[in-house]
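This briefing is meant for a reader who is meeting the structure for the first time. Please look over the sequence and the model shown here before going through the points that follow.

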Amino acid sequence: MNHFDITQAQPKVWSILSRSFSNKRTASTYLFHGREGLGQWPLAISFAALLNCLKPVKAEETGLIFPCGKCRPCRSIYALNFEGLHFALPISSHKNSDEMIDLTNELLEQKRQEPFKLFLSAQAVTIPIAMAREIKRTLTRKAPKGIRRVVLFYRMEKMKASSADALLKLIEEPPGDTVIILTADRPEALLPTIQSRAQKIRFDRVPEAVAAGYLMSNCGVKENRARLVVRICEGNVGQALEMVSSDEEDDGSSRAVGQLLFRSLFTEPKPEVVALITELIKDRDRGAAESLLGLWQSLIRDCAYYADTGDGDDLVNIDFAEELKRLARFFEKSRLAAAMTDNIKKALADLQVNVHIHISLVALVLKLRSHMPAAEQDRKIAGCERY
Amino acid sequence: MKFSLPKSRFADSLQSVLQVVPTKSTLPILTNVLIEALESKLKISATDLDISITVTVDCKVTKKGAAALPARILFEIIRELPEAEITIESTNSRVEIRIPNGSYKIATVTSEEFPKLPAVNTKKQIKVSSDDLVRMIQKTTFACSMDETRPALNGVLWQTKGDKMQMVATDGHRLARMAVENTKLKGVSEDIIIPPKVLNLIPKFIDVEQKEVGIIFGENNIIFNLKGTILTSRLIEGPYPNFEQVIPASGDKKVSVPRDDLNRAVRRVSILSNTLTHQVKFAIKKSSLTLSTSNADVGGEGKESIQCDLEGEPIELGYNASYISEILSRFDSPEVVFEFSSPVAAGVIYSPDIPKEDFLCLVMPLRLAE
């Protein structure tokens with residue numbers, strides 16, 4: 001996907017930004033909100049390029065304007081090497097400013113390689129106040145002639161409230177020729193005083209064809225697989241990329257294990273399910289447990305959807321479609337889907353507070369099974385054994 | 001690009017521009033120097049975005065061209081080379097440094113990626129006496145604020161007023177103002193605020209023979225043409241606070257003191273002062289000034305008296321010793337005059353040899369404990 005196409009990940013957002021630019025009504029502060037990975041970073045970079053492009057290109061059909069991608073400012077901005085582009089990024093704890101710059105450069109390098117890549121860290125991350133102060137200091141200098149400065153505060157919710165307070169004046173009234181872009185998963189996570197000073201722009205899921213096309217061209221994933229991953233990740237390209245790369249690492253086996261365990265919830269007696277969990281899920285792998293529960297949520301959604309509509313075309317987990325259609329019978333009358341989803345949500349929350357993973361999963365399995373009446377379970381299990 | 005020049009000339013030029021090359025940056029291009037081989041000249045430029053330095057030296061250019069090279073690696077290689085004529089030639093994305101008995105190759109970045117430096121239009125240049133400029137810098141920049149909450153005070157205000165140009169710096173606790181006559185600047189520029197970093201670089205680039213400095217006032221920047229070296233700095237956004245209103249017109253008490261004696265005494269007494277406030281008490285009588293301090297933390301007390309000549313009633317006031325010492329070291333005259341009206345109002349310090357309007361420092365007193 002080239003720089004032109006990247007804006008197609010969020011056509012509505014680009015339309016707003018492009019029109020504000022062509023009407024010379026660019027806001028001084030924007031808040032891009034939505035789950036990370038929906039394209040906040042590449043769109044912010046493309047918008048910075050548009051603001052500084054020497055020869056913007058107008059699309060005949062839509063009338064929207066795009067950066068040319070060829071002039072010096074465009075090339076430097078897309079290479080994240082432009083004098084008017086400043087970043088404040090969430091990084092892990094560090095000892096001094098040199099280490100802070102090193103950590104920032106590592107993240108920038110990741111983004112150079114892959115603009116949709118999620119910022120994942122095993123450690124707690126924050127946007128350091130020192131980084132914000134340096135940006136503030138830089139902005140007190142007059143901008144070089146012909147340059148629109150763009151400051152990107154990425155995942156602003158990762159900045160401590162006390163640090164964010166210090167930026168209020170800057171965010172409310174940036175110096176001339178400066179545009180501030182804040183990104184956040186949820187606007188409510190930011191101080192109300194910051195929210196109210198920015199123009200909010202919501203990022204929706206990336207259209208399936210665009211996201212799948214991106215995975216196909218950038219990761220060499222085949223079309224069916226790309227569409228499956230995009231559906232599972234609900235159009236989140238960043239998460240889809242993570243899934244593709246983790247699938248490459250474990251050769252798709254964790255997904256197969258997740259599907260097997262899900263099926264066993266309905267088809268095997270309790271002791272066998274517990275034994276399978278014990279055997280297949282490593283006790284200390286929190287990430288694997290979270291992925292498993294995420295997959296189960298998605299499978300429950302598919303079962304409930306099929307049970308309700310009988311429509312198999314819109315299933316997310318198309319690689320497990322036949323099995324899902326069979327399991328959908330369990331979801332026909334009861335409120336099983338809602339009860340199971342609630343239990344999984346609680347288990348996911350527990351995983352965040354360092355519970356014992358194995359015990360938590362076993363408890364969850366027992367709870368999920370408890371939603372099915374015993375007699376019904378036995379009858380349906382017996383029925384399932386036939387296919 | 002291909003050029004040759006003596007090693008020492010190249011090393012000296014690189015060393016000059018290295019002063020603004022950041023050791024680490026989130027903008028990788030800034031760790032490079034831009035080398036441009038022009039008609040028998042070599043231009044070497046570096047920038048940290050706030051300040052840029054361009055040094056131009058004579059050299060033998062065989063093929064014109066430009067490239068950006070990693071500054072510190074290049075300098076370290078050149079510095080270690082034996083004195084000889086070196087030849088530098090760029091090929092594709094690398095440059096080769098050739099010396100009589102070997103060669104070094106380093107990767108380059110295309111010159112286009114280097115931040116665009118402001119064009120220098122010498123026709124718009126105004127010449128200012130280098131002595132005056134250096135004096136103004138040395139006597140004012142020390143008072144700049146380091147507090148980021150008031151960015152305008154982080155710079156030096158340069159303004160033209162009638163036939164005079166003046167520089168002013170303040171951090172809210174002290175102020176330094178120096179003015180010199182210069183009709184050339186009259187009406188040329190509005191008030192501008194310059195970061196002290198660039199001003200402090202200027203004296204390093206001015207040699208004894210250089211009588212004048214060319215200055216170009218831009219909309220967003222200021223350019224200093226220093227005979228072979230161009231220094232450019234972005235300006236600080238204003239407005240600068242109205243400093244005139246804090247300078248008292250006159251005080252009813254004036255005390256003349258020997259500058260050196262006072263400075264030494266202040267430095268000695270302040271050793272026992274509070275480490276945060278550096279407060280030293282000035283008890284001024286008709287012909288003696290007694291400095292004293294006490295520090296409960298170390299259980300120490302210090303007291304010294306020096307001769308003075310007071311006009312007006314005796315007075316006691318407190319000052320931050322560091323501020324007084326820094327101010328005194330900016331004066332050249334054997335005596336200085338302190339002028340004040342009360343222990344809680346700003347006092348001014350000036351030399352009896354120079355009119356107050358030309359050089360004056362102001363310092364706020366500290367409230368003495370009852």
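The side chain of B:D260 meets that of B:R259 in a salt bridge, with 3.9 Å from N to O, and B:R259, at 13% relative accessibility, counts as buried. The model is a predicted one, and the points below should be read with that in mind.

**Salt bridges**

- Over all chains, the count of salt bridges comes to 39, and the pair of B:D260 and B:R259 is one that meets the rule of a side-chain nitrogen within 4 Å of a carboxyl oxygen.
- In chain A, the side chains of A:R155 and A:D185 meet in a salt bridge of 3.2 Å, taken from N to O.
- This pair links distant parts of the chain, since A:R155 sits in the loop between β5 (149–153) and α7 (161–165) of chain A, while A:D185 sits in the loop between β6 (178–184) and α9 (192–195), 30 residues apart.
- A:R155 counts as buried because its relative accessibility is 13%, whereas A:D185, at 28%, counts as partly exposed.
- Salt bridges that share partners join A:R155 and A:D185 with A:E36 and A:E157 into one network.
- A:R197 and A:E172 also form a salt bridge, and their closest N and O atoms are 3.6 Å apart.
- Here, too, distant parts of the chain are linked, with A:R197 in the loop between α9 and β7 (199–202) of chain A and A:E172 in helix α8 (residues 168–172), 25 residues apart.
- A:R197 is partly exposed with a relative accessible area of 26%, and A:E172 is partly exposed with 45%.

**Surroundings of B:T293**

- B:T293 has its place in strand β20 of chain B, which covers residues 288–295, and at 9% relative accessibility B:T293 counts as buried.
- A polar atom of the B:T293 side chain lies 3.0 Å from the backbone oxygen of B:Q279.
- Leaving aside neighbours within four places in sequence, B:T293 is in contact with B:Q279 and B:V280, with B:V269, B:L272 and B:S273, and with B:G300, B:E301 and B:G302.

**Domains of chain A**

- The domain assignment of chain A gives domain 1, covering 3–202, and domain 2, covering 246–384.
- Taken over C-alpha atoms, the centres of domain 1 and domain 2 of chain A are separated by 39 Å.

Terms used:
Residues numbered from 1 in each chain as written. Chains lettered and ligands numbered in written order. Predicted model: local features only at pLDDT ≥ 70, side-chain atom pairs only at ≥ 80, totals over all residues. Heavy atoms only, no water. Domains from an automatic or database assignment. Helix = DSSP H or I, 4+ residues; strand = E, 2+ residues; numbered from the N terminus. Buried < 20%, exposed > 50% of the residue type's maximum accessible area, 1.4 Å probe, protein only. Polar contact = N/O pair within 3.5 Å; in protein donor to acceptor, adjacent residues only side chain to side chain. Contact = heavy atoms within 4.5 Å.
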